[in-house]
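Work through the exercises below with the sequence and the 3D view side by side. Try each task before reading its solution.

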Amino acid sequence: EVVVGEKVSLLKTHRETLNKRLSEEEFAVLEEKWYEYFQAKKVHSEMEAQGKSGRMVGSDKIKSSSRWNMQDMSRYVRAFASLSWQSGQSTSALNIESLENHLQFPIGPFDVQLHKCLQNEQWKRRYLRTQALVLRVLQCPLSNAGDELQPSEPSELAVAELEEFFAASSKERPQQLLELLEAKATGGRAHLVVADLAKGQRQSLHIACNVLAKQGRMVQSKSVKEEDGHEVNLIHLWMEVPDGNAGSVEDVEDVEEEVCMRLAGLADLQGPEASTRCVIDSLIFPLCQELELGITMEESCRAGNFPISICDYILRSDEVLAVIEAKRCSPNWIWTLSQGVAQCIWQLAILRESQPSKPCLGLVTDGRRWVCLQLQQQLAISSALDISRKEHFWILLNFLLQHLESKCK
């Protein structure tokens, strides 16, 4: 389909330009179309040859899939198609060596119909509160994924107002700072800027904020340079809204903001893979309850000459609908998720042997970033979806709800 699509595009371009003399720009367009056509054709041929590259060597047969990485996998898988989070359809074909770059490819804007659950404000509020609860208990620090979460003009906090804070002992400072921030908060939030601090004073503020964050308080501190080169401290406090106000629209937005910021801080937690699984549980279990799906964990899968695989999660109704491979959340997420993709490819290959007419989804995640795989006539892999970004959070939920529901029917 990819080759045919490029060919149609090439012919269309020819029809539009053939009856007139080509300019340099028009020639460049044609040259690019020809290049794309031959690249697609080459990669398509490699895809067809994936299963014909020779028998699996004995050492690979007995190696558990958990020990595979993409370098190992490239001996057997040479190409993949790009999978869209929006449509679920595969598009351009790529060489397997480009996987790490592909994982970092930006996701397009959210422009699909929302699942009915995501149109229900009460369901969304309940779901978000579950995520916030788990992330608070894990003590995930607040961080930013790149979304603009702070107002452009924070209020000024004078150095004189911090005299008691700096005079207090290091043990007393977090509580002193919290009381000061709460007194400054309006509408449940305090966004403050402090200038003219010495280096040691800035460090004291950062340390106190980190202590409060580890205690579960929604406090964030960072130093930034202004246009004139002076360094200032930005401090942000988000106060929890009492349960009596839980029905407000503002509360939904606040909890959404907290969830995304704590997901962004998951790698800073430096926790084990078990931390990732807690996040997966909180994200996936409510969806399975809504769709009446079952989950099994740590299930061993084997078929033919494929390596033995242990699936971290299997989602099923009457048949397997999806598998999830959990990885530890770390700053080196590209390598970690690439390794998870290699494991998940074997899991999908094994499961396809048992239900060839109903291929399942594969998901690889470190809790914060998610990659989707499909193995039908060809292997398709999505770029990584960073759900610490608000839009991406809802893209993931909508994708899972829509696709799992359609596979149940």
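A nonpolar core is a set of buried Ala, Val, Leu, Ile, Met, Phe, Trp, Tyr and Cys residues joined through side-chain atoms within 4.5 Å. Buried means under 20% relative accessible area, exposed over 50%, partly exposed in between (1.4 Å probe, protein chains only). The model is predicted: local features need pLDDT of at least 70, side-chain atom pairs count only at pLDDT 80 or more, and totals for chains, interfaces and linings use all residues. Residues are numbered from 1 along each chain as its sequence is written, and side-chain values use heavy atoms, leaving out hydrogens and water.

**Exercise 1.** Find the largest nonpolar core and the residues with the most contacts inside it.

*Solution.* Step one: the largest core has 49 residues. Trp85, Ile284, Trp370 and Phe393 have the most contacts inside it. Step two: helix α14 (residues 390–408) gives the largest share, nine residues. Helices here are DSSP runs of H or I, at least four residues; strands are runs of E, at least two; both are numbered from the N terminus. Step three: another core lies apart, with 35 residues, among them Leu337 and Trp346.

**Exercise 2.** Which residues does Trp370 contact, leaving aside neighbours within four places in sequence?

*Solution.* Contact means heavy atoms within 4.5 Å. The partners of Trp370 include Trp85, Ile280, Leu283, Ile284 and Leu396.

**Exercise 3.** How are the rings of Trp85 and Phe399 arranged?

*Solution.* Start with the rule. Rings of Phe, Tyr and Trp (its six-membered ring) pair if their centres lie within 6.5 Å; planes under 30 degrees apart count as stacked, over 60 as edge-to-face and the rest as tilted. Now apply it. The centres of Trp85 and Phe399 are 4.9 Å apart and the planes stand at 70 degrees, so this pair is edge-to-face. Trp85 sits in the loop between β1 (79–83) and β2 (90–95), and Phe399 in helix α14, 314 residues apart. Both Trp85 and Phe399 are buried.

**Exercise 4.** Which charged residue lies over the face of Trp394?

*Solution.* The test: NZ of Lys or CZ of Arg within 6 Å of the ring centre and within 35 degrees of the ring normal. Lys124 lies over Trp394, at 4.8 Å from the ring centre. Trp394 also belongs to an aromatic cluster with Trp123, Tyr127 and Phe393.

**Exercise 5.** How many disulfides does the structure hold?

*Solution.* A disulfide needs two cysteine sulfur atoms within 2.5 Å. The structure holds zero. Take Cys344: its nearest cysteine sulfur, that of Cys360, is 7.8 Å away. Cys344 counts as buried, because its relative accessibility is 0%.
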